[in-house]
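Subject: The structure I promised you

Hi,

Have a look first, then read on for what I found in it.

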Amino acid sequence: MTVAHHPHVIVGATGVADVQAAVRFARDLNLPVAVLNTGHGPSVSASEETVLITTRRMTGVRIDSVKKTVRVEAGVRWGQVVEEAAKVGLAPLAGSSPQVGVVGYTLGGGVSIALGRAFGYAADHVQEIEVVTADGELHHVTPDSDADLFFALRGGRGNFGVVTAMEFSLFPVRELYAGALHFPGDNAREVLQAYGRFASKAPDELTSSIVFLRAPDLPFVPEFMRGKLTVSIRISYLGSAHDGESLVAPLRAAAPVLADTVTMMPFSDMASIANDPTEPGAAVEHFAMLDELSPSAMEAILDIVGPDSDTRITMVNVAHLGGALGMPPERANAVGRRDAAFSLFALTAVPPNAVAAYKNVGLELTDRVTSGRKHPGYLSPADASVESVRLAYDEPTYERLQAAKTLHDPRNMFRCNHNIPPRA
(Lines give C-alpha, C1' and ligand atoms only; values in the text may rest on other atoms or scores of the structure.)
Protein backbone atom coordinates (compact mmCIF):
# COMPACT_ATOMS: atom_id res chain seq x y z
CA MET A 1 0.00 0.00 0.00
CA THR A 2 1.25 3.50 -0.79
CA VAL A 3 2.29 5.38 2.34
CA ALA A 4 3.27 9.05 2.32
CA HIS A 5 6.07 10.14 4.65
CA HIS A 6 6.47 13.63 6.12
CA PRO A 7 9.39 13.23 8.54
CA HIS A 8 11.08 15.82 10.71
CA VAL A 9 14.39 14.99 9.04
CA ILE A 10 15.70 12.41 6.56
CA VAL A 11 19.12 10.83 7.07
CA GLY A 12 20.66 9.19 4.01
CA ALA A 13 22.98 6.81 5.84
CA THR A 14 26.18 5.67 4.11
CA GLY A 15 27.42 3.55 7.01
CA VAL A 16 27.03 2.55 10.63
CA ALA A 17 28.28 5.87 12.00
CA ASP A 18 25.50 7.74 10.18
CA VAL A 19 22.87 5.39 11.60
CA GLN A 20 24.27 5.80 15.11
CA ALA A 21 24.28 9.59 14.79
CA ALA A 22 20.68 9.61 13.57
CA VAL A 23 19.47 7.35 16.38
CA ARG A 24 21.28 9.41 19.03
CA PHE A 25 19.83 12.61 17.58
CA ALA A 26 16.33 11.10 17.80
CA ARG A 27 16.98 9.83 21.32
CA ASP A 28 18.13 13.25 22.54
CA LEU A 29 15.02 14.93 21.11
CA ASN A 30 12.71 12.06 22.14
CA LEU A 31 11.63 11.48 18.52
CA PRO A 32 10.58 8.18 16.93
CA VAL A 33 12.80 6.55 14.30
CA ALA A 34 11.60 5.03 11.02
CA VAL A 35 13.72 3.09 8.54
CA LEU A 36 13.20 3.01 4.78
CA ASN A 37 15.16 0.92 2.30
CA THR A 38 13.30 0.02 -0.88
CA GLY A 39 9.75 1.04 0.00
CA HIS A 40 8.39 -2.52 -0.12
CA GLY A 41 6.14 -3.40 2.79
CA PRO A 42 5.59 0.00 4.43
CA SER A 43 3.44 0.02 7.55
CA VAL A 44 2.66 3.50 8.82
CA SER A 45 3.52 6.99 7.69
CA ALA A 46 6.56 8.73 9.13
CA SER A 47 5.06 11.88 10.65
CA GLU A 48 6.51 15.35 11.12
CA GLU A 49 7.91 14.17 14.47
CA THR A 50 9.96 11.33 12.94
CA VAL A 51 13.62 10.82 12.09
CA LEU A 52 13.57 8.80 8.85
CA ILE A 53 16.72 6.82 8.05
CA THR A 54 17.23 5.59 4.50
CA THR A 55 19.78 2.80 4.13
CA ARG A 56 19.77 2.35 0.35
CA ARG A 57 23.33 3.73 0.06
CA MET A 58 24.64 0.86 2.23
CA THR A 59 25.13 -1.73 -0.50
CA GLY A 60 28.13 -3.85 0.49
CA VAL A 61 27.99 -7.58 -0.27
CA ARG A 62 30.70 -10.06 0.78
CA ILE A 63 30.41 -13.77 -0.06
CA ASP A 64 32.41 -16.53 1.63
CA SER A 65 32.25 -19.43 -0.82
CA VAL A 66 33.95 -21.80 1.65
CA LYS A 67 31.54 -21.18 4.53
CA LYS A 68 28.66 -20.74 2.04
CA THR A 69 27.59 -17.47 3.66
CA VAL A 70 27.05 -13.88 2.61
CA ARG A 71 27.26 -10.64 4.58
CA VAL A 72 25.02 -7.86 3.29
CA GLU A 73 24.65 -4.25 4.38
CA ALA A 74 21.24 -2.76 5.11
CA GLY A 75 20.52 -1.32 1.67
CA VAL A 76 21.22 -4.44 -0.39
CA ARG A 77 18.46 -5.81 -2.62
CA TRP A 78 17.95 -9.42 -3.59
CA GLY A 79 18.97 -9.00 -7.23
CA GLN A 80 22.49 -8.05 -6.16
CA VAL A 81 22.85 -11.08 -3.86
CA VAL A 82 21.47 -13.52 -6.45
CA GLU A 83 23.91 -12.22 -9.07
CA GLU A 84 26.98 -12.31 -6.81
CA ALA A 85 26.18 -15.72 -5.31
CA ALA A 86 25.59 -17.29 -8.73
CA LYS A 87 29.19 -16.52 -9.69
CA VAL A 88 30.34 -19.13 -7.17
CA GLY A 89 27.50 -21.61 -7.67
CA LEU A 90 25.48 -20.58 -4.62
CA ALA A 91 21.94 -19.31 -4.08
CA PRO A 92 20.11 -17.31 -1.38
CA LEU A 93 16.53 -17.74 -0.19
CA ALA A 94 15.45 -14.73 -2.23
CA GLY A 95 11.99 -13.26 -2.69
CA SER A 96 10.14 -12.99 -5.98
CA SER A 97 11.38 -9.50 -6.89
CA PRO A 98 15.03 -8.49 -7.30
CA GLN A 99 14.01 -5.03 -6.05
CA VAL A 100 13.04 -6.22 -2.54
CA GLY A 101 15.41 -5.29 0.28
CA VAL A 102 17.18 -8.25 1.87
CA VAL A 103 17.10 -7.07 5.49
CA GLY A 104 13.43 -6.09 5.80
CA TYR A 105 12.35 -9.27 4.01
CA THR A 106 14.42 -11.45 6.32
CA LEU A 107 13.38 -9.72 9.56
CA GLY A 108 9.77 -10.69 8.76
CA GLY A 109 10.65 -14.30 7.98
CA GLY A 110 11.19 -14.35 4.23
CA VAL A 111 9.53 -16.96 1.98
CA SER A 112 11.58 -17.73 -1.12
CA ILE A 113 9.58 -18.14 -4.33
CA ALA A 114 12.21 -20.61 -5.54
CA LEU A 115 13.52 -22.53 -2.51
CA GLY A 116 11.14 -21.87 0.38
CA ARG A 117 9.69 -25.36 0.81
CA ALA A 118 13.14 -26.92 0.31
CA PHE A 119 15.04 -24.91 2.93
CA GLY A 120 12.56 -22.93 5.05
CA TYR A 121 12.41 -19.26 5.96
CA ALA A 122 15.28 -16.90 5.22
CA ALA A 123 15.24 -15.93 8.91
CA ASP A 124 15.99 -19.55 9.85
CA HIS A 125 19.43 -19.33 8.25
CA VAL A 126 20.74 -16.03 9.65
CA GLN A 127 24.11 -16.37 11.38
CA GLU A 128 24.75 -12.85 12.68
CA ILE A 129 23.02 -9.47 12.77
CA GLU A 130 24.56 -6.04 13.33
CA VAL A 131 22.02 -3.66 14.86
CA VAL A 132 22.03 -0.15 16.30
CA THR A 133 19.68 -0.09 19.29
CA ALA A 134 17.83 2.86 20.82
CA ASP A 135 20.88 3.93 22.85
CA GLY A 136 22.87 4.42 19.64
CA GLU A 137 25.17 1.47 20.34
CA LEU A 138 26.13 -1.10 17.69
CA HIS A 139 25.61 -4.74 18.66
CA HIS A 140 26.98 -7.81 16.84
CA VAL A 141 24.19 -10.23 17.68
CA THR A 142 24.61 -14.00 17.47
CA PRO A 143 23.01 -16.95 19.29
CA ASP A 144 25.96 -16.91 21.68
CA SER A 145 26.29 -13.15 22.25
CA ASP A 146 22.61 -12.35 22.92
CA ALA A 147 20.21 -15.22 22.40
CA ASP A 148 17.07 -13.22 23.28
CA LEU A 149 17.79 -10.35 20.89
CA PHE A 150 18.87 -12.80 18.17
CA PHE A 151 15.54 -14.60 18.62
CA ALA A 152 13.53 -11.36 18.53
CA LEU A 153 15.15 -9.78 15.48
CA ARG A 154 14.35 -12.80 13.29
CA GLY A 155 10.59 -12.47 12.96
CA GLY A 156 10.08 -9.41 15.18
CA ARG A 157 10.66 -7.11 12.22
CA GLY A 158 12.06 -3.61 12.87
CA ASN A 159 11.04 -3.25 16.49
CA PHE A 160 14.41 -3.51 18.19
CA GLY A 161 16.75 -1.19 16.31
CA VAL A 162 18.22 -0.37 12.92
CA VAL A 163 19.85 -3.42 11.33
CA THR A 164 22.97 -2.27 9.50
CA ALA A 165 24.25 -5.66 8.29
CA MET A 166 23.35 -9.33 8.30
CA GLU A 167 25.14 -12.61 7.60
CA PHE A 168 23.23 -15.69 6.43
CA SER A 169 23.66 -19.03 4.70
CA LEU A 170 23.74 -19.70 0.97
CA PHE A 171 22.92 -23.00 -0.72
CA PRO A 172 24.69 -24.98 -3.49
CA VAL A 173 22.00 -24.48 -6.13
CA ARG A 174 22.96 -23.65 -9.71
CA GLU A 175 19.74 -24.33 -11.63
CA LEU A 176 16.02 -24.96 -11.29
CA TYR A 177 13.19 -26.46 -13.28
CA ALA A 178 11.05 -23.36 -13.03
CA GLY A 179 8.75 -20.85 -14.68
CA ALA A 180 5.01 -20.30 -15.05
CA LEU A 181 2.00 -21.85 -16.77
CA HIS A 182 -0.67 -19.36 -17.90
CA PHE A 183 -4.30 -20.36 -18.48
CA PRO A 184 -7.47 -18.54 -19.61
CA GLY A 185 -9.57 -17.11 -16.80
CA ASP A 186 -12.60 -19.01 -18.12
CA ASN A 187 -10.86 -22.21 -16.99
CA ALA A 188 -10.21 -20.91 -13.47
CA ARG A 189 -12.20 -23.64 -11.74
CA GLU A 190 -10.45 -26.55 -13.48
CA VAL A 191 -7.03 -25.00 -12.98
CA LEU A 192 -7.59 -24.23 -9.30
CA GLN A 193 -8.85 -27.73 -8.61
CA ALA A 194 -5.89 -29.24 -10.48
CA TYR A 195 -3.54 -27.03 -8.48
CA GLY A 196 -5.09 -28.20 -5.22
CA ARG A 197 -4.40 -31.83 -6.16
CA PHE A 198 -0.90 -30.92 -7.37
CA ALA A 199 0.03 -29.12 -4.14
CA SER A 200 -1.30 -31.94 -1.95
CA LYS A 201 1.26 -34.33 -3.46
CA ALA A 202 4.17 -31.92 -3.93
CA PRO A 203 7.59 -32.93 -2.57
CA ASP A 204 9.48 -30.47 -0.41
CA GLU A 205 11.76 -29.64 -3.35
CA LEU A 206 8.78 -28.11 -5.18
CA THR A 207 7.68 -24.55 -4.34
CA SER A 208 4.66 -23.11 -6.14
CA SER A 209 1.76 -20.67 -6.15
CA ILE A 210 -1.38 -19.95 -8.15
CA VAL A 211 -2.14 -16.40 -9.28
CA PHE A 212 -5.40 -14.82 -10.46
CA LEU A 213 -4.53 -11.66 -12.38
CA ARG A 214 -6.66 -9.02 -14.04
CA ALA A 215 -4.04 -7.14 -16.01
CA PRO A 216 -4.73 -3.72 -17.52
CA ASP A 217 -5.13 -3.31 -21.27
CA LEU A 218 -1.78 -1.58 -21.71
CA PRO A 219 1.11 -2.08 -24.17
CA PHE A 220 3.62 -3.36 -21.58
CA VAL A 221 1.32 -6.29 -20.66
CA PRO A 222 1.71 -9.51 -22.73
CA GLU A 223 -1.05 -9.56 -25.32
CA PHE A 224 -2.70 -12.75 -24.03
CA MET A 225 -3.18 -11.08 -20.61
CA ARG A 226 -4.37 -7.63 -21.60
CA GLY A 227 -7.67 -6.55 -20.09
CA LYS A 228 -8.77 -10.01 -19.03
CA LEU A 229 -8.48 -12.57 -16.25
CA THR A 230 -5.67 -15.10 -16.48
CA VAL A 231 -4.73 -17.84 -14.02
CA SER A 232 -1.04 -18.64 -13.67
CA ILE A 233 0.79 -21.34 -11.73
CA ARG A 234 4.34 -20.45 -10.71
CA ILE A 235 6.67 -23.38 -10.25
CA SER A 236 10.18 -23.91 -8.92
CA TYR A 237 11.51 -27.45 -8.62
CA LEU A 238 14.92 -28.30 -7.19
CA GLY A 239 15.49 -31.39 -9.31
CA SER A 240 15.89 -32.71 -12.85
CA ALA A 241 13.87 -31.63 -15.86
CA HIS A 242 12.66 -35.22 -16.29
CA ASP A 243 11.24 -35.41 -12.78
CA GLY A 244 9.92 -31.87 -13.00
CA GLU A 245 8.03 -32.62 -16.20
CA SER A 246 6.38 -35.63 -14.57
CA LEU A 247 5.28 -33.53 -11.59
CA VAL A 248 3.94 -30.70 -13.76
CA ALA A 249 2.23 -32.89 -16.40
CA PRO A 250 -1.20 -32.90 -14.67
CA LEU A 251 -1.20 -29.11 -14.62
CA ARG A 252 -0.37 -28.87 -18.31
CA ALA A 253 -3.32 -31.17 -18.99
CA ALA A 254 -5.76 -29.24 -16.78
CA ALA A 255 -6.81 -26.64 -19.39
CA PRO A 256 -5.59 -24.93 -22.57
CA VAL A 257 -2.20 -23.32 -21.91
CA LEU A 258 -1.78 -19.75 -23.15
CA ALA A 259 1.94 -19.63 -22.36
CA ASP A 260 4.41 -22.06 -20.80
CA THR A 261 7.78 -20.78 -19.53
CA VAL A 262 8.61 -23.74 -17.29
CA THR A 263 12.07 -25.04 -18.19
CA MET A 264 15.52 -25.61 -16.75
CA MET A 265 17.04 -22.24 -15.93
CA PRO A 266 20.10 -20.93 -14.10
CA PHE A 267 19.26 -19.81 -10.58
CA SER A 268 20.33 -16.29 -11.55
CA ASP A 269 17.16 -16.12 -13.72
CA MET A 270 14.81 -16.96 -10.82
CA ALA A 271 13.16 -13.51 -10.96
CA SER A 272 11.57 -14.57 -14.26
CA ILE A 273 9.34 -17.03 -12.38
CA ALA A 274 7.10 -14.18 -11.20
CA ASN A 275 8.19 -11.38 -13.54
CA ASP A 276 7.19 -8.83 -10.91
CA PRO A 277 6.92 -5.21 -12.09
CA THR A 278 10.04 -3.16 -11.40
CA GLU A 279 8.34 0.24 -11.40
CA PRO A 280 6.64 1.52 -8.23
CA GLY A 281 2.88 1.90 -8.12
CA ALA A 282 0.08 2.69 -5.71
CA ALA A 283 -1.71 -0.38 -4.36
CA VAL A 284 -3.74 -1.75 -1.46
CA GLU A 285 -2.86 -5.18 -0.07
CA HIS A 286 -4.34 -7.69 2.34
CA PHE A 287 -3.13 -11.11 3.54
CA ALA A 288 -4.62 -14.27 4.95
CA MET A 289 -3.21 -17.57 6.20
CA LEU A 290 -4.99 -20.78 5.17
CA ASP A 291 -4.94 -24.04 7.09
CA GLU A 292 -5.76 -25.82 3.83
CA LEU A 293 -6.89 -25.09 0.30
CA SER A 294 -10.30 -26.52 1.10
CA PRO A 295 -13.31 -26.72 -1.23
CA SER A 296 -14.87 -23.78 0.65
CA ALA A 297 -11.70 -21.71 0.23
CA MET A 298 -11.65 -22.52 -3.48
CA GLU A 299 -15.29 -21.48 -3.81
CA ALA A 300 -14.57 -18.20 -2.04
CA ILE A 301 -11.70 -17.47 -4.43
CA LEU A 302 -13.77 -18.33 -7.49
CA ASP A 303 -16.78 -16.35 -6.26
CA ILE A 304 -14.79 -13.20 -5.59
CA VAL A 305 -12.06 -13.18 -8.27
CA GLY A 306 -13.23 -15.83 -10.76
CA PRO A 307 -14.35 -15.23 -14.35
CA ASP A 308 -17.90 -14.19 -13.39
CA SER A 309 -16.80 -11.66 -10.78
CA ASP A 310 -16.79 -7.87 -11.12
CA THR A 311 -14.18 -7.50 -8.38
CA ARG A 312 -11.82 -4.53 -8.17
CA ILE A 313 -9.02 -6.78 -6.88
CA THR A 314 -6.14 -6.81 -9.36
CA MET A 315 -4.28 -9.93 -8.23
CA VAL A 316 -4.65 -12.82 -5.80
CA ASN A 317 -1.64 -15.02 -5.13
CA VAL A 318 -2.10 -18.26 -3.17
CA ALA A 319 1.32 -19.66 -2.22
CA HIS A 320 1.99 -23.20 -1.04
CA LEU A 321 3.81 -23.30 2.31
CA GLY A 322 4.63 -26.45 4.31
CA GLY A 323 7.74 -28.50 3.63
CA ALA A 324 10.73 -26.96 5.41
CA LEU A 325 8.62 -23.84 6.06
CA GLY A 326 6.58 -25.95 8.45
CA MET A 327 9.55 -27.25 10.42
CA PRO A 328 11.12 -25.65 13.52
CA PRO A 329 14.51 -24.07 12.76
CA GLU A 330 17.80 -25.20 14.25
CA ARG A 331 17.93 -21.92 16.19
CA ALA A 332 14.52 -20.78 17.44
CA ASN A 333 13.17 -17.47 16.19
CA ALA A 334 9.95 -15.46 16.29
CA VAL A 335 8.61 -16.65 12.92
CA GLY A 336 5.51 -18.59 13.84
CA ARG A 337 2.34 -19.91 12.18
CA ARG A 338 4.39 -22.72 10.70
CA ASP A 339 1.32 -24.94 10.57
CA ALA A 340 -0.26 -22.81 7.81
CA ALA A 341 -0.56 -24.67 4.51
CA PHE A 342 -0.99 -21.63 2.25
CA SER A 343 -0.72 -17.86 2.29
CA LEU A 344 -3.13 -15.66 0.35
CA PHE A 345 -2.18 -12.20 -0.90
CA ALA A 346 -4.76 -9.85 -2.45
CA LEU A 347 -3.44 -6.74 -4.22
CA THR A 348 -5.43 -3.93 -5.80
CA ALA A 349 -3.72 -1.37 -8.01
CA VAL A 350 -5.24 2.08 -7.43
CA PRO A 351 -4.84 5.66 -8.67
CA PRO A 352 -2.10 7.38 -6.61
CA ASN A 353 -4.53 9.78 -4.91
CA ALA A 354 -7.31 7.26 -4.27
CA VAL A 355 -5.72 4.81 -1.83
CA ALA A 356 -8.10 5.69 0.99
CA ALA A 357 -11.13 4.97 -1.18
CA TYR A 358 -9.82 1.47 -1.93
CA LYS A 359 -8.41 0.59 1.51
CA ASN A 360 -10.93 -2.20 2.17
CA VAL A 361 -10.80 -3.80 -1.28
CA GLY A 362 -9.60 -7.36 -0.77
CA LEU A 363 -11.06 -7.80 2.69
CA GLU A 364 -14.15 -9.42 1.18
CA LEU A 365 -11.85 -12.32 0.25
CA THR A 366 -9.37 -12.46 3.14
CA ASP A 367 -12.12 -12.20 5.77
CA ARG A 368 -13.94 -15.11 4.17
CA VAL A 369 -11.02 -17.56 4.07
CA THR A 370 -8.92 -16.71 7.13
CA SER A 371 -9.06 -18.17 10.62
CA GLY A 372 -8.00 -14.81 12.06
CA ARG A 373 -4.41 -15.73 12.83
CA LYS A 374 -1.67 -13.77 11.12
CA HIS A 375 2.02 -14.14 10.26
CA PRO A 376 4.88 -11.67 10.81
CA GLY A 377 5.94 -11.92 7.17
CA TYR A 378 2.42 -11.26 5.89
CA LEU A 379 1.35 -8.03 7.56
CA SER A 380 -0.07 -5.18 5.48
CA PRO A 381 -0.56 -1.51 6.40
CA ALA A 382 -4.10 -2.52 7.43
CA ASP A 383 -2.51 -4.73 10.11
CA ALA A 384 -0.61 -1.91 11.80
CA SER A 385 -2.63 -1.93 15.03
CA VAL A 386 -1.11 -3.54 18.12
CA GLU A 387 -4.04 -5.98 18.22
CA SER A 388 -3.42 -7.15 14.65
CA VAL A 389 0.32 -7.51 15.16
CA ARG A 390 -0.27 -9.62 18.27
CA LEU A 391 -2.21 -12.14 16.16
CA ALA A 392 1.00 -12.92 14.28
CA TYR A 393 2.59 -14.55 17.34
CA ASP A 394 1.68 -17.17 19.91
CA GLU A 395 1.57 -15.99 23.51
CA PRO A 396 5.02 -17.23 24.66
CA THR A 397 6.69 -15.70 21.60
CA TYR A 398 4.91 -12.38 22.04
CA GLU A 399 5.92 -12.23 25.70
CA ARG A 400 9.53 -12.90 24.73
CA LEU A 401 9.38 -10.17 22.09
CA GLN A 402 7.93 -7.70 24.57
CA ALA A 403 10.71 -8.52 27.04
CA ALA A 404 13.36 -7.82 24.37
CA LYS A 405 11.56 -4.60 23.40
CA THR A 406 11.39 -3.43 27.00
CA LEU A 407 15.11 -4.05 27.45
CA HIS A 408 16.39 -2.56 24.19
CA ASP A 409 13.78 0.11 23.34
CA PRO A 410 11.88 1.01 26.53
CA ARG A 411 10.67 4.35 25.10
CA ASN A 412 9.42 2.69 21.91
CA MET A 413 11.50 4.86 19.58
CA PHE A 414 11.11 2.20 16.89
CA ARG A 415 7.33 2.34 16.57
CA CYS A 416 6.80 3.43 12.95
CA ASN A 417 6.25 -0.17 11.99
CA HIS A 418 4.15 -3.19 12.89
CA ASN A 419 4.77 -2.29 16.48
CA ILE A 420 5.38 -4.48 19.48
CA PRO A 421 5.21 -2.00 22.38
CA PRO A 422 7.35 -2.41 25.50
CA ARG A 423 5.71 -3.50 28.71
CA ALA A 424 4.09 -0.72 30.69
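Start with helix α6 (residues 188-200) and helix α8 (residues 295-305), which pack at an angle of about 150 degrees with their axes 11 Å apart. Angles over 145 degrees count as roughly antiparallel, so that is how α6 lies relative to α8. Their crossing is right-handed. On the α6 side the contact is made by Ala188, Arg189, Leu192, Gln193 and Gly196, and on the α8 side by Met298, Glu299, Ile301 and Leu302. Sorted by class, the contact of α6 with α8 has five nonpolar, two polar and two charged residues. Do keep in mind that this is a predicted model.

Which way does α6 run relative to α7? The angle between α6 and helix α7 (residues 241-252) is about 160 degrees, and their axes are 9 Å apart. The two are therefore roughly antiparallel to each other. Here too you can look at the handedness: α6 passes α7 in a right-handed crossing. Ala194, Tyr195 and Phe198 of α6 make the contact with Leu247, Val248 and Leu251 of α7. The classes in this contact are six nonpolar, no polar and no charged residues.

A bit more on α6 itself. Its 13 residues reach 18 Å from the first C-alpha to the last, close to the 18 Å expected at 1.5 Å a residue. Which residues of α6 are buried? They are Ala188, Val191, Leu192, Ala194, Tyr195, Gly196, Phe198 and Ala199. When you look at that list, remember that an α-helix has 3.6 residues a turn, so residues three or four places apart point the same way.

You'll find Phe342 in strand β16 (residues 342-349), and with a relative accessible area of 6% it is buried. Leaving out residues up to four places away in sequence, Phe342 touches a whole list of others, including Tyr195, Ala199, Leu293, Val318 and His320. For a sense of distance, Phe342 and Ala282 are 60 residues apart in sequence and 26 Å apart in space, C-alpha to C-alpha.

His408 is another one to click on. His408 lies in helix α11 (residues 395-408). Is His408 buried or exposed? The cut-off for buried is under 20%, so at 14% relative accessibility His408 counts as buried. Beyond residues up to four places away in sequence, His408 touches Thr133, Ala134, Asp146, Leu149 and Phe160.

Last, a bit of backbone. Most residues other than glycine have a negative phi. Lys68 has a positive phi, near 60 degrees, and is not a glycine. Lys68 sits in the loop between β4 (61-64) and β5 (69-73) and is partly exposed, at 34% relative accessible area. Arg337 also has a positive phi, near 55 degrees. Look for Arg337 in the loop between β15 (315-320) and β16; Arg337 is buried, with a relative accessible area of 6%.

Cheers!

Definitions and conventions
Residues are numbered from 1 along each chain as its sequence is written. This is a predicted model: local features need pLDDT of at least 70, side-chain atom pairs count only at pLDDT 80 or more; totals for chains, interfaces and linings use all residues. Side-chain values use heavy atoms; hydrogens and water are left out. Axes are lines fitted to C-alpha atoms, for helices over the stretch in contact, and angles run from 0 to 180 degrees between N-to-C directions. Helices (H or I, at least four residues) and strands (E, at least two) are DSSP runs, numbered from the N terminus. Angles under 35 degrees count as roughly parallel, over 145 as roughly antiparallel, 65 to 115 as roughly perpendicular and the rest as oblique. A crossing is left-handed if the near helix is turned anticlockwise from the far one by less than a right angle, and right-handed if clockwise. Contact means heavy atoms within 4.5 Å. Ala, Val, Leu, Ile, Met, Phe, Trp, Tyr, Cys and Pro count as nonpolar, Asp, Glu, Lys and Arg as charged, and the others, Gly among them, as polar. The expected span of a helix is 1.5 Å times one less than its number of residues. Buried means under 20% relative accessible area, exposed over 50%, partly exposed in between (1.4 Å probe, protein chains only).
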